[in-house]
Amino acid sequence: MGNNGAGVAERDAQRVFSALDSFRIEVPSWGFANTGTRFGKFVQGGAATTIEEKFSDAAQVNALTGASPTVALHVLWDLPNGKADVAAIQALEKKYGMRSGSINPNLFQSAEYKYGSIANPSAEIRGIALKHLLDSAEIGRELGSKDLSLWIADGSNYPGTQSIRKRIGWMEEVLGAVHAALGEDQRMLIEYKPFEPAFYHTDIADWGMALELVRRCGPKAKVLVDTGHHPPSTNIEQIVTWLLHVKELGGFHFNDRKYADDDLTLGSIDPYQVFRIFHEILSAGERDRADVAFMIDQSHNLKGKVEAMVQTVVTAQELYAKAALIDQARLAELQQECRLVEAEECFRDTFWHDVRPVVREWRVARGLPGEPLKALAESGYVEKITRERANRNARSVSSYV
Ligand code: LRH
Ligand code: MN
């Protein structure tokens with residue numbers, strides 16, 4: 001990344017342009033809604049409540065960044081009437097020029113899932129969970145969406161209260177049935193999480209458990225890595241590299257955290273971590289990374305929701321551009337010869353490099369605003385939605401209990 005003249009700059013600009021031309025990251029519908037913690041919710045007047053408002057906000061983010069044409073849907077939150085809501089979603093896709101992304105079933109909020117959903121000791125309740133998963137897969141097929149994204153909150157709060165062993169068997173049974181029902185080019189992504197809402201054991205707690213379940217399900221099942229779902233100081237890029245190596249990496253839920261599953265905005269706490277993850281992806285080669293889905297999974301409890309989402313996509317684009325500038329050939333040489341400091345400098349050099357000017361050039365060259373956040377502020381969009389939605393949002397409850 002030396003500064004020896006225009007040649008290098010031109011070559012690097014090309015690498016950033018081609019990296020950003022292929023970079024896509026999906027936004028979550030729930031990232032635009034009023035969310036909080038168990039200690040309360042700070043209601044925002046402009047927050048989205050209806051699925052139309054979520055599509056409108058997602059379309060605004062895509063119009064400003066050129067990188068987020070799909071919006072992830074959470075079934076019970078966005079299609080409360082299930083398959084009957086598909087036509088309405090298709091109409092919104094047309095109206096806002098967006099596509100439905102991953103379909104996320106809700107197997108965690110209903111009373112019947114107190115002791116679990118697909119791992120519940122009651123066969124009747126496992127049946128209810130399976131039906132919701134099959135309905136969600138059907139919704140995905142009708143919307144032409146590729147990924148059924150499964151997060152299973154199941155677990156227990158006290159040792160001895162549940163058979164961890166039996167629950168594994170029950171999960172395999174249900175997940176196997178879902179895999180068998182998937183459409184031709186549909187996938188199921190299995191997300192792991194170490195704890196919360198369960199605080200003693202979680203049935204799918206880490207990448208090893210998710211990987212084993214994926215392998216037992218079949219070729220259409222892949223592992224989903226939520227960057228917030230690891231014990232502190234976990235080397236997430238090493239897990240990513242393993243999953244790429246065994247060709248079982250399906251995608252990511254990107255966010256950031258300081259302590260637990262804080263769902264903070266990507267790169268706000270540890271941008272170098274995202275850079276290291278993107279490096280493993282980019283050094284994995286075209287074919288291996290072709291089907292790795294990038295998605296955002298955040299809840300914006302304090303930041304303005306649309307601003308936070310634009311900021312997140314912009315940060316992801318900048319970190320991806322930096323990682324695309326790593327001189328992979330030189331790095332491999334230095335690594336092979338164990339020239340540690342030179343290798344680290346070669347690796348880190350682009351992380352220090354300010355890619356914002358060349359990313360701005362890419363935006364303008366693609367007919368996008370050079371500064372998305374500035375363009376959002378100048379558009380008056382947030383003021384407009386706040387005027388339109390404030391009365392309704394003022395009625396929404398903020399307390400937890
Ligand atoms: C669980 C999770 C999951 C989503 C939810 C909104 O923590 O990461 O991916 O269903 O957040
Ligand atoms: Mn997630």
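How many nonpolar, polar and charged residues does the shell around ligand 1 have? In this predicted model, the shell consists of 2 nonpolar, 3 polar and 5 charged residues. The residues in question are Trp30, His74, Trp151, Glu191, Lys193, Asp226, His229, His253, Asp261 and Asp297.

For Glu191, an N or O atom of the side chain is 2.7 Å from an oxygen atom of ligand 1. Lys193 places a polar side-chain atom 2.9 Å from an oxygen atom of the ligand, and for Asp261 the separation between a side-chain N or O atom and a ligand oxygen is 3.0 Å. On its own, ligand 1 has 300 Å² of accessible area, and the protein covers 91% of it.

Attention may now turn to the spaces within the protein. The second largest pocket holds about 900 Å³ of space. It is lined by 36 residues, of which Ser22, Arg24, Arg289, Ala290 and Val292 are the closest to its centre. Two or more lining residues come from each of the following elements: helix H1 (6–22), strand S3 (99–104), helix H9 (271–282), helix H10 (286–289), strand S10 (293–296) and helix H11 (305–324). Sorted by class, the lining of this pocket comprises 16 nonpolar, 9 polar and 11 charged residues.

The largest cavity contains about 40 Å³ of space. Its lining is formed by Thr227, Asn255, Asp256, Arg257, Asp270, Gln273 and Val274. In terms of class, 1 of these lining residues is nonpolar, 3 are polar and 3 are charged.

Is Ser149 buried or exposed? Its relative accessible area is 1%, and Ser149 is therefore counted as buried, since that term applies to values under 20%. Ala221 is 72 residues away from Ser149 along the chain, and the C-alpha atoms of the two residues are separated by 9.9 Å.

Definitions and conventions
Residues are numbered from 1 along each chain as its sequence is written. Chains are lettered from A and ligands numbered from 1 in the order in which they are written. This is a predicted model: local features need pLDDT of at least 70, side-chain atom pairs count only at pLDDT 80 or more; totals for chains, interfaces and linings use all residues. Side-chain values use heavy atoms; hydrogens and water are left out. On a 1 Å grid over the protein atoms alone, a cavity is a set of points where a 1.4 Å probe fits but cannot get out, and a pocket is an open set with protein on both sides within 12 Å along at least five of seven lines; lining residues have an atom within 4 Å of a point. Grid points are joined across faces, edges and corners, and a volume is the space filled by probe spheres set on the points. Helices (H or I, at least four residues) and strands (E, at least two) are DSSP runs, numbered from the N terminus. Ala, Val, Leu, Ile, Met, Phe, Trp, Tyr, Cys and Pro count as nonpolar, Asp, Glu, Lys and Arg as charged, and the others, Gly among them, as polar. A residue is near a molecule or strand if one of its heavy atoms lies within 4 Å of it. A polar contact is a pair of N or O atoms within 3.5 Å; within protein, one must be able to donate a hydrogen and the other to accept it, and residues adjacent in sequence count only if both atoms are side-chain atoms. Accessible areas come from the Shrake-Rupley method with a 1.4 Å probe; for residues, only the protein chains shown count as cover. Buried means under 20% relative accessible area, exposed over 50%, partly exposed in between (1.4 Å probe, protein chains only).
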